[in-house]
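Okay, thanks for coming, everyone. Have a look at what's on the screen, and then I'll walk you through it.

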Amino acid sequence: MPVLPAFFASLQRDLLLVMRRKTEVLTALFFFVIVTTLLPLGIGPEPDLLRKIAPGAMWIAALLATLLGLQRLFAADHADGTLEQMVLSPEPLSVLIAGKITAHWLVCGLPLVLLAPVIGLQFDLPADAIGILMLSLLVGTPLLSFIGAIGAALTLGARGSALLVSLLVLPLYIPTLIFGAGAVESYIAGMGAAGHFSLLGALLILAMAFAPWATTAALRISLE
Amino acid sequence: MTTALLNAQGLACTRGNQRLFSDINLQLGAGQWLYLQGENGAGKTSLLRILAGLTLPTEGDVLWQDSPIGKQRSQYHQDLLYIGHHAGLKEDLTLTENLRAQLAIDGIQASAAAIREALTQMGLGKRQHLPARVLSAGQKRRGLLARALLRPAKLWILDEPFNALDVKAIADVQNLLKTHLANGGLLVLTSHQTPDLGQDAAGFILNLSGAH
């Protein structure tokens, strides 16, 4: 595939930048850990209740943590002219953007998946339910990154873009939230999670196919 | 008479309610250069962005090798090197990393030796492993221009290439530009000081002031 080097070039640069400035990434991660740790402390030691709210609480925390880093996805590149240079690259812009979104997920989404088992213990989730939760986050968090990128691109350069991006993207996140948290809940209730996973997977494939294009179109408009 | 590679017909640009310029026609062939003059806010950068394909003109067309640039983006961008006010230097990366990343995004794998040589040529040999944030404005600009040495492109569009450069660096950059023109390259630039590019017969001056 001739476009793969461009994809990895863009991915690699973003990961290198993250290595140089770790605090920005850790903000989202800390947010996730703090919210999910405070919740059981605030609600009190009732294992049944905690087990019941665990999937929803962790999914909401993951969703808000993703939202936190979203506005920065293109803002720095816009400010220092990198985005202009990406538009002027002979390589297809959507491929470069897909690389950026993938980097965003590797940095903001994947760590949440890996932390989930530890957080799950605080909610007294059984081991097999934790496995399902991790799997649902593994399919769901890239979906959040891909959908979020469209919103970030649309609000680029606008005043109050942090608020705008939340207003734009949150409604689009709702299906992911319902199916992601629903997968774990219905598994715990003994109904199996296959249906939820099918829908999450279908949404992910759809987003991977179309979100880079939509993001690219939005970026071209924002840059004019 | 050389045949025109870059062709602009009836370009006009409106920002808000203000018409920055209108009815701009230009033709540029191999080895020719165009120097844009004008006051601050006259629309120099806007015209450069239109020529680069970053902004759509309100009216008119830009043609590269006889076809509109919007229809052959990938080919045009292959032939184009655009360096604007801040052409994507990442403050946290070193100059070497910056150049390597930018070239990779342009689809070019540059060897470490080639990058080192280009930076040395721009007088940055000892600064190549420092993060861009500790460099002076002039050093950053030279680092940006080092990209021109590593990336083959027929058409250079440079926005204020001499900004923040000292006398010696300006001479270096002018030599770089002359070499580019001598090799049959095209050049469009803006600058607050008149560039000395030698072969005046191949140069055009376009004054944008008076358009408003």
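Let's begin with a quick one: which residue in E2(B) does B:Ala8 stand opposite? The residue opposite B:Ala8 is B:Leu26.

Before I go on, some housekeeping. This is a predicted model, where local features need pLDDT of at least 70 and side-chain atom pairs count only at pLDDT 80 or more, while totals for chains, interfaces and linings use all residues. Residues are numbered from 1 along each chain as its sequence is written, and chains are lettered from A and ligands numbered from 1 in the order in which they are written.

On confidence, the model scores ipTM 0.86 and pTM 0.89. Chain B has a mean pLDDT of 84, with 95% of its residues at 70 or more; pLDDT is the predictor's confidence in each residue, from 0 to 100. Within chain B, strand E7 (155–159) comes out highest at 91, and strand E9 (203–207) lowest at a mean of 78. When I say helix or strand, I mean DSSP runs numbered from the N terminus: H or I with at least four residues for helices, E with at least two for strands.

Back to the sheet. It's an open one in chain B, with four strands in the order E2-E1-E4-E5 and antiparallel pairing. E2 and E5 (67–68) are the edge strands, each pairing on one side only. Pairing here takes at least two bridges found by DSSP.

Now, where do the chains meet? Contact means C-beta atoms, placed from the backbone, within 7 Å. On that basis, 24 residues of chain B and 23 residues of chain A take part. On the chain B side, H3(B) gives the largest share, five residues. That side has 11 nonpolar, nine polar and four charged residues. For the bookkeeping, Ala, Val, Leu, Ile, Met, Phe, Trp, Tyr, Cys and Pro count as nonpolar, Asp, Glu, Lys and Arg as charged, and the others, Gly among them, as polar.

Last stop, chain A. Leaving aside neighbours within four places in sequence, A:His196 contacts A:Phe179, A:Gly182, A:Ala183 and A:Ser186. A:Ala181 is 15 residues away from A:His196 in sequence and 9.1 Å away in space, C-alpha to C-alpha.

Notes:
Contact = placed C-beta atoms within 7 Å.
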